[in-house]
Amino acid sequence: MPRPILATVHAAALSHNLARARAAAPDARVWAVVKANAYGHGIERVFDALRSADGFALLDLAEAQRLRALDWRGPILLLEGCFELRDLELCSRLGLWHTIHCDEQIDMLAIHKTQVPHRVFLKMNSGMNRLGFAPERYRAAWTRLNALPQVEEISLMTHFSDADGPKGIAAQLHAFEAATHDLPGERTLSNSATVLRHGAAIGEKSDWVRPGVAVYGSAPDFPEHSAADWGLQPTMTLSSKIIGVQHLVAGDTVGYGSSFTAEGPLRIGVVACGYADGYPRHCTTGTPILVNGVRTRMVGRVSMDMLTVDLTPLPDAGMGSEVTLWGRSSGGAILSIDEIAQAAGTVGYELMCAVAPRVPFQVE
């Protein structure tokens, strides 16, 4: 029989979380962000659950082609725009909207031959210092685009660097509004943290919102708020089973490097999951884990294919017992992916995206 590890995508939770984002921004249309293969969930697996979105936002032309192959005829936005001239041909053919964040992309549009003008999103670098035109150069870029016959409509766009923390969005929002106050066009400003934390400040200023990680059941500002605090549900469960049991006495060690030493009699379970499955190797003793829906702890180091758990709270657990690495157990107990990410010194985004190809998926 196959190795027992399994990743489960929860369709109802995806739909719930998308509705939660829509409720937080009731005056805006909603992009469902499906970049990075829908944050590791798989575009084809999430599509039906997210098709009530007003549009899909992503990075890769190949992913856009996959959405069109699923018979999505609504808007698709390329968040980083085109990387070379020939990409514009595919944008024309597939009817893609795309971001403009630099002069070189405007140059490409200017020599692009098309019978169908493009819908573009002009991005401002309002303080993130990643992609986009500085506020003082933004209007000149807009004027260039507006003069091109290849451009049908220009929307305005920025991205907030600190929406999830105390710095907030005020300074960047002010920079954006000062440079765009009299420019026509729809606005898209809001990522997950902005939608959930700053909905009142944004109000009607964002015609489109771009929830990403919140759609996938992770809190954008963990640990200040948990997913449950925001009314979000886990959309991915990584589960496995216990494939071995060991009985330790005081002084026995566990795993590579003997990083864990038993202080007394201890029963441990060996779980079919390791860093080759995408579970973070940086997790150490104490990382939470569910066995038969009961919270316990990991002990020792994560190996390539296995990790070990303390079975002290579960005297009846043994071979074949259910293990929930993150997500929802079969009995309904929830272990937030954000907790595991925190134990590994990272964020839930990375864990979702890092589930290895060898892990089978199912949708329920």
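In strand 19 of this predicted model, the bridge partner of A7 is F361. This bridge belongs to the pairing of strand 1 with strand 19 (residues 361-363), which runs in the parallel sense over 3 bridges. Strand 1 (residues 6-9) is also paired with strand 10 (residues 236-248), here in the antiparallel sense and over 4 bridges, and in this second pairing T8 stands opposite T237.

The protein chain as a whole contains 12 helices and 19 strands, and its C-alpha atoms fill a box of roughly 75 × 40 × 35 Å when taken along the principal axes. Among the contacts with a sequence separation of 6 or more, 63% are accounted for by residues 24 or more positions apart.

In soluble globular proteins, nonpolar side chains tend to be buried together. The largest nonpolar core of the present model comprises 101 residues, of which V34, L50, L145 and Y279 touch the most other members. Helix 3 (residues 43-50) gives the most to this core, contributing 5 residues. A second, separate core consists of 7 residues, including L248, F260, A262 and V299. When neighbours within four places in sequence are left aside, the contacts of V34 are with I43, V46, L50, F56, A57, L58, E63, L67 and Y216.

A64, whose place is in helix 4, has a relative accessible area of 0% and is therefore buried, the cut-off being under 20%. Beyond its neighbours within four places in sequence, A64 is in contact with L58, I76 and L96. The C-alpha atoms of A64 and G199 are 29 Å apart in space, the two residues being 135 residues apart in sequence.

Helix 5 (residues 85-94) has D87, L88, L90, C91 and L94 as its buried residues. Seen down the axis of helix 5, these buried residues fall within an arc of 160 degrees, so they line one face of the helix. An α-helix has 3.6 residues a turn, so residues three or four places apart point the same way. On the other side of helix 5, R86 and R93 are exposed. Just after helix 5, a positive phi of about 65 degrees is taken by G95.

A further site considered here is H198, which lies in the loop between helix 9 (192-197) and helix 10 (199-202). With a relative accessible area of 16%, H198 falls under the 20% cut-off and therefore counts as buried. Residues up to four places away in sequence not being counted, H198 touches A163, G168, I169 and A193. For A163, the backbone oxygen lies 3.0 Å from a polar atom of the side chain of H198.

Conventions:
Residues numbered from 1 in each chain as written. Predicted model: local features only at pLDDT ≥ 70, side-chain atom pairs only at ≥ 80, totals over all residues. Heavy atoms only, no water. Core = buried A, V, L, I, M, F, W, Y, C linked by side-chain atoms within 4.5 Å. Buried < 20%, exposed > 50% of the residue type's maximum accessible area, 1.4 Å probe, protein only. Helix = DSSP H or I, 4+ residues; strand = E, 2+ residues; numbered from the N terminus. Contact = heavy atoms within 4.5 Å. Polar contact = N/O pair within 3.5 Å; in protein donor to acceptor, adjacent residues only side chain to side chain. Arc of directions from axis to C-beta. Pairing = 2+ DSSP bridges.
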